[in-house]
Amino acid sequence: MAVSFNELVYTLVRAIPYGRVLSYGRVADLLGVPHGARAVGWALHNLGGTEPTVPWHRVVNVRGRVSIKGSPEAAMEQRLRLESEGVEFGEDDTLDMRRYLWTPTLAEVEEILRAAHGSADGGDAM
DNA sequence: CAATTGACTTGAT
DNA sequence: TATCAAGCCAATT
C-alpha cells in the first residue's frame, strides 16, 4: 500500500524544528507538489488538532499568519504554542517568516521521508 | 467517475 | 494596502 499524501505531510511537519515554522505551500513544495498547499491544509485539518505527535501549530500560511478557520480556539492555541517556542507576532498578528521559516534542503527532506516511510518517491530512475 | 470542500497561493483591480 | 477571482491538489461523498 502506498503511503497517503497526508502521512507524508505529518512526517514532514514532525520534522519542523522547535521555534521554526513552515508554510502550507512550502510543505507541499518540499513533498514534491508545488501547488498542493490546499492539500496540506486539508491533511492537517484531518488531524482535528487532537494529534499531539504532530506539531501542527508550526504550519502557518505564506503571510506568516495563523490560517485556521471555523475554530478560533484552535487558532489561538496555535499562536500560544508558537509564542511558547519564542516566536513573536507583530501587531498584524503576523510573524516574520524571513526569520522563523524553516528552510531545509531537499536532501534533508528526502532523508526524513525515507527514515519514516522507508522510501521517498525518489522518482528518478538511475 | 463527477462534484464538492478546505487550516492555501498568486495575480489582478 | 485591501478585496475578489481563479488555479491547484488530495480526500470525501
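Analyst: Let's start where the protein meets DNA: a polar backbone atom of L44 sits 3.0 Å from a base nitrogen of DNA strand B. That pair passes as a polar contact, meaning N or O atoms within 3.5 Å; inside the protein, one atom must also be able to donate a hydrogen and the other to accept it, and residues adjacent in sequence count only if both atoms are side-chain atoms. Keep in mind that the model is predicted, with local features needing pLDDT of at least 70 and side-chain atom pairs counting only at pLDDT 80 or more, while totals for chains, interfaces and linings use all residues. On bookkeeping, residues run from 1 along each chain as its sequence is written, chains are lettered from A and ligands numbered from 1 in the order in which they are written, and side-chain values use heavy atoms, with hydrogens and water left out.

Y24 puts a polar side-chain atom 2.9 Å from a base nitrogen of DNA strand B, while G25 has a polar backbone atom 3.4 Å from a phosphate oxygen of DNA strand B. There are 17 residues around DNA strand B, and those that come nearest are Y24, R38, H45, N61 and S67. Sugar and phosphate make up 47% of the atoms of DNA strand B that come within 4 Å of the protein. That 4 Å is also the rule for a residue being near a strand: one of its heavy atoms has to lie within 4 Å of it.

Which helix gives the most to the surface near DNA strand B? That's α3, with seven residues. Both α2 (24–30) and α3 (37–47) supply at least two residues of that surface. For the labels, helices are DSSP runs of H or I with at least four residues, strands are runs of E with at least two, and both are numbered from the N terminus. By residue type, the surface near DNA strand B has eight nonpolar, seven polar and two charged residues. Here Ala, Val, Leu, Ile, Met, Phe, Trp, Tyr, Cys and Pro count as nonpolar, Asp, Glu, Lys and Arg as charged, and the others, Gly among them, as polar.

Now strand C. The residues around DNA strand C are S4, F5, V33, H35, G36, R38, A39 and W42. Of the atoms of DNA strand C that come within 4 Å of the protein, sugar and phosphate account for 82%. α3 again provides the largest share of the surface near DNA strand C, this time three residues, and the split by type is four nonpolar, three polar and one charged. Backbone atoms turn up here too: F5 has an N or O atom 3.4 Å from a phosphate oxygen of DNA strand C, and a polar backbone atom of H35 is 3.4 Å from a sugar or linking oxygen of DNA strand C. A backbone N or O atom of A39 lies 3.5 Å from a base oxygen of DNA strand C.

Next, what sits behind N61? N61 lies in the loop between β2 and α4. At 18% relative accessibility, N61 counts as buried, the bands being under 20% for buried, over 50% for exposed and partly exposed in between, with a 1.4 Å probe and protein chains only. A polar atom of the N61 side chain lies 2.9 Å from the backbone nitrogen of R65. Skipping neighbours within four places in sequence, N61 is in contact with S23, Y24, S67 and M97, where contact means heavy atoms within 4.5 Å.

Follow that list to M97, in helix α5 (residues 97–100). M97 is buried as well, with a relative accessible area of 12%. Beyond residues up to four places away in sequence, M97 touches V21, S23, V60, N61, V62, R63 and G64. C-alpha to C-alpha, M97 and G25 are 13 Å apart in space but 72 residues apart in sequence.

One last stop is α4, at the other end of the N61 loop. The buried residues of α4 are A75, Q78 and L82. They cover an arc of only 60 degrees around the axis, so they fall on the same side of α4; the arc is taken from the directions from the helix axis to the C-beta atoms. The face turned away from that buried side carries the exposed residues P72, E73, M76, L80 and S84, and the cover over the buried residues of α4 includes β2 (59–60).
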